[in-house]
Amino acid sequence: MVPRHSRLASEPEITVRDLALAASRSSDDEREPLTLGGLDASAKDDRGVLLKLGFSFFLFGLINNVLYVIILSAALDLVPPSTPKGIIAFCNIAPALVAKIGWPYLLKGRIRYVKRLVGCCALSSIGMLVVAFFDSLYARLLGICLASFSSGLGELTFLQLSTTYAPPSIAGRNIGYFASGTGAAGLVGAFLWWEVRGLGVRVGVGLSSVLPIIIPLTYFFLLPRSDSFVYSSLATEDGPSALPYTPLATTDDDDEAEEGRLPADLKVAPALSISDKWRLVKPLMAKYMLPLFCVYLFEYTINQGIAPTLLYPVPPADKYWFLSKIIHSVRDYYPLWQLVYQTTVFLSRSSISLGLPPLPERLLSLPAIIQGVILSLLVFESAVGFAADDFEATNIAIVFVLISFEGICGGLAYVNTFYRINQERPDPGSDVHDAERLKQEKEFKIGSIGFADSSGILLASLVAVPTELTLCKAQVNRGKMLCKGL
């Protein structure tokens, strides 16, 4: 497919090196315009390339995660009333966790991005078609598992793809826009299902099966090549790379390497061994994985185990005019909390793409700490209550604020963790003259982080059931019977 492999903008000799130097200079001084060949050239074209790059990664995040949200939104319609809805959440996350845990360690050698993306697209579409056209519970759960595995592998792939762009300022933009897309998926997925649910599962879910096709179309026809900027795993914002410029193949079949278009002296490193991968992953556990795991464990325990019990009487119109416009029954509270959560997650995951500075590395554990405090406060509100039951507006306002901060912490933890690992310098033990090996190490490191959030979500789905039952029992003991009426 020609558009993906064709050069962008002007002549190759100018685009590759001069745009790279201009991009690296722009990270030191945001006010300095991008220039080509020392000329003030086509700043509009440069902005256009960056815009296409950002929008591509936004679409990757949006489409990769939107099916996950559609499945959760459609859970009530997908299984019989007697079936616990938690089984949908389990099948929607466990296969993704398997992909994130297994794939980085099983993969050997260079990542074949084209095959991965086409495979993920096909697997997602097939999974959704199985859900749509089979009425059997087991068939639908199988379809959900296929779509979940594809989503987990897709997220892993796009995070790794972001590292193939240099200098670090460009790679960091990719993470920011991808995270923003994953945040938008929560809102878009819920809205899409709200609009098509009236058509029924067969038509509504069947229509959603065409969405994954957007991913390969974006990759081939919109996403700029990494060498439209520069490719070197050692490129930094502080100056030019220590390596000579050697564009490494990022395509599935390694056309350039096989056809001899890469420099003869570019050595292809052997695949990383298990001991190499363990050496790389050990320093990441406490620094990145543990905080991200805790954030998601607390976050999804709140969403699945505590939020369903945050119920209050329907506010009367004469006393609470605004609230009465939003809440028409007790069942409206849970969707309200989810809307607040999804909105704040989207905003916080978009923080870097909106130009806000990333969290300092030393503060990466702060969202997890705040999330733990929020969980404790919401448990207290559910079991005991901050204010008397007569002051439901006060309790609702407090819960609104706490869930807003929950979404903010979750979004900030996600985007900043992957941004920081994306920006890490090469491992001191690496051969700094082996560009291919450095590329593989960087792809592995960012790919190895992904299982932390999914394992937190999976554990939370197991903790949430007894948490909800315990909190409901505590409410009944103090005479609040609303959770029994759902």
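Q: In this predicted model, what is the handedness of the crossing in which helix 8 passes helix 16?
A: Helix 8 covers residues 168-196 and helix 16 covers residues 392-423, and their axes lie 9 Å apart at an angle of about 155°. Angles over 145 degrees count as roughly antiparallel, and helix 8 is therefore roughly antiparallel to helix 16. The crossing in which helix 8 passes helix 16 is right-handed.

Q: How many nonpolar, polar and charged residues make the contact of helix 8 with helix 16?
A: Helix 8 contributes Pro168, Ser169, Ala171, Gly172, Ile175, Gly176, Phe178, Ala179 and Thr182 to this contact, while helix 16 contributes Tyr414, Val415, Phe418, Tyr419, Asn422 and Gln423. Sorted by class, the residues of the contact of helix 8 with helix 16 are nine nonpolar, six polar and no charged.

Q: At what angle do helix 14 and helix 16 pack?
A: Helix 14, which spans residues 333-349, has its axis 7 Å from that of helix 16, and the crossing of the two is right-handed. Among the residues that meet are Trp337, Tyr341 and Arg349 in helix 14 and Phe400, Glu406 and Leu412 in helix 16, and the contact as a whole has 13 nonpolar, five polar and two charged residues. The angle at which helix 14 and helix 16 pack is about 35°.

Q: Are helix 7 and helix 17 oblique or roughly antiparallel to each other?
A: The axes of helix 7 (residues 137-162) and helix 17 (residues 435-449) come within 8 Å and cross at roughly 140°, in a right-handed crossing. Leu156, Leu159, Gln160 and Ser162 of helix 7 meet Glu443, Phe444, Ile446 and Gly447 of helix 17, a contact with four nonpolar, three polar and one charged residues. Roughly antiparallel applies to angles over 145 degrees, and helix 7 and helix 17 are therefore oblique.

Q: Which residue forms a salt bridge with aspartate 276?
A: Side chains of opposite charge can pair when their charged atoms come close. The whole structure holds 13 salt bridges, and in the one formed by aspartate 276 the closest N and O atoms are 3.0 Å apart. Aspartate 276 belongs to helix 12 (residues 274-306) and its partner to helix 17, so the pair ties together parts that are 161 residues apart in sequence. The partner of aspartate 276 is arginine 437.

Q: Which residues does a cis peptide bond join?
A: The bond in question has an omega of about 5°, and its proline lies in the loop between helix 7 and helix 8. The residues joined by this cis peptide bond are alanine 166 and proline 167.

Q: How far apart are the end C-alpha atoms of residues 288-314?
A: An unreviewed UniProt entry lists several stretches as "transmembrane region", including residues 87-106 and 288-314. In the model, residues 87-106 are 100% helix and 0% strand, with end C-alpha atoms 28 Å apart. Residues 288-314 are 70% helix and 0% strand, and their end C-alpha atoms lie 42 Å apart.

Terms used:
Residues are numbered from 1 along each chain as its sequence is written. This is a predicted model: local features need pLDDT of at least 70, side-chain atom pairs count only at pLDDT 80 or more; totals for chains, interfaces and linings use all residues. Side-chain values use heavy atoms; hydrogens and water are left out. Axes are lines fitted to C-alpha atoms, for helices over the stretch in contact, and angles run from 0 to 180 degrees between N-to-C directions. Helices (H or I, at least four residues) and strands (E, at least two) are DSSP runs, numbered from the N terminus. Angles under 35 degrees count as roughly parallel, over 145 as roughly antiparallel, 65 to 115 as roughly perpendicular and the rest as oblique. A crossing is left-handed if the near helix is turned anticlockwise from the far one by less than a right angle, and right-handed if clockwise. Contact means heavy atoms within 4.5 Å. Ala, Val, Leu, Ile, Met, Phe, Trp, Tyr, Cys and Pro count as nonpolar, Asp, Glu, Lys and Arg as charged, and the others, Gly among them, as polar. UniProt positions are given in the numbering used here, feature names are shortened, and annotations may be inferred rather than shown by experiment. A salt bridge is a side-chain nitrogen of Lys or Arg within 4 Å of a carboxyl oxygen of Asp or Glu.
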